[in-house]
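Hi,

Here is the model I promised to pass on.

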Amino acid sequence: MHNSKKCCTFAVAKVKIHIMSDNPIKELQKGVISQDNLYLLLPGKVMAVAEMYARHHDVTLLDAMRKVYASDMYKHLEREDTKYWHLGTVALYQSLA
């Protein structure tokens with residue numbers, strides 16, 4: 001049977017994301033979080049954690065975002081199966097240390 005799902009690969013902050021979904025945004029709107037649409041949640045979570053990090057460590061937002069994207073926390077956050085996307089800003093920030 002032929003797989004009719006569309007596929008694309010693109011990079012976000014040096015992280016390659018591979019999409020195998022007909023419409024990841026519609027899946028997210030239905031409340032279905034999968035590896036195929038998790039990338040839609042990440043920018044908001046990363047920004048919130050980076051802003052908190054920048055405030056508490058007196059660094060630029062850009063440096064804070066680099067810290068977040070290079071962290072083990074982000075490696076967990078970008079994988080749907082870890083369920084890190086359930087965590088709020090404070091819990092994600094605390095897991096940076």
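Of the 97 residues in the protein chain, 30% count as buried, where buried means under 20% relative accessible area, exposed means over 50%, and partly exposed is in between (1.4 Å probe, protein chains only). Bear in mind that this is a predicted model, in which local features need pLDDT of at least 70 and side-chain atom pairs count only at pLDDT 80 or more, while totals for chains, interfaces and linings use all residues. Residues are numbered from 1 along each chain as its sequence is written, and side-chain values use heavy atoms, with hydrogens and water left out.

On to the fold. The protein chain has 5 helices and 2 strands (DSSP runs numbered from the N terminus: H or I and at least four residues for helices, E and at least two for strands). Along the sequence they come in the pattern β-β-α-α-α-α-α. If you take the contacts in the protein chain with a separation of 6 or more, 37% of them are between residues 24 or more positions apart; contact here means heavy atoms within 4.5 Å.

Now the helix pair I'd look at. Helix α2 (residues 42-57) and helix α3 (residues 61-69) pack at about 120°, with their axes 8 Å apart. The axes are lines fitted to C-alpha atoms, for helices over the stretch in contact, and the angles run from 0 to 180 degrees between N-to-C directions. α2 and α3 are therefore oblique to each other, given that angles under 35 degrees count as roughly parallel, over 145 as roughly antiparallel, 65 to 115 as roughly perpendicular and the rest as oblique. Their crossing is right-handed, which is the name used if the near helix is turned clockwise from the far one by less than a right angle, with anticlockwise being left-handed.

Which residues in α2 and α3 meet? On the α2 side they are Val46, Met47, Val49, Ala50, Glu51, Tyr53 and Ala54, and on the α3 side Leu61, Ala64, Met65, Lys67, Val68 and Tyr69. By class, the contact of α2 with α3 has 11 nonpolar, no polar and 2 charged residues (Ala, Val, Leu, Ile, Met, Phe, Trp, Tyr, Cys and Pro count as nonpolar, Asp, Glu, Lys and Arg as charged, and the others, Gly among them, as polar).

In the loop between α2 and α3 sits Asp58. Asp58 has a positive phi, near 50°, without being a glycine, and Asp58 is exposed at 73% relative accessibility. Lys83 is another non-glycine with a positive phi, about 65°. You'll find Lys83 in the loop between α4 (72-77) and α5 (89-94), partly exposed at 38%.

That loop between α4 and α5 also holds Glu78, partly exposed with a relative accessible area of 24%.

Tyr93 is in helix α5 and is buried at 17% relative accessibility. Leaving out residues up to four places away in sequence, Tyr93 touches Val49, Met52, Tyr53, His56 and His57.

Last, the rings: a search of the whole structure finds 2 aromatic pairs. One of them, Tyr69 with Tyr74, is edge-to-face, at 4.8 Å centre to centre and 70° between the planes. (Rings of Phe, Tyr and Trp, the last by its six-membered ring, pair if their centres lie within 6.5 Å; planes under 30 degrees apart are stacked, over 60 edge-to-face and the rest tilted.) Tyr69 is partly exposed at 22%, whereas Tyr74 is buried at 3%.

Cheers
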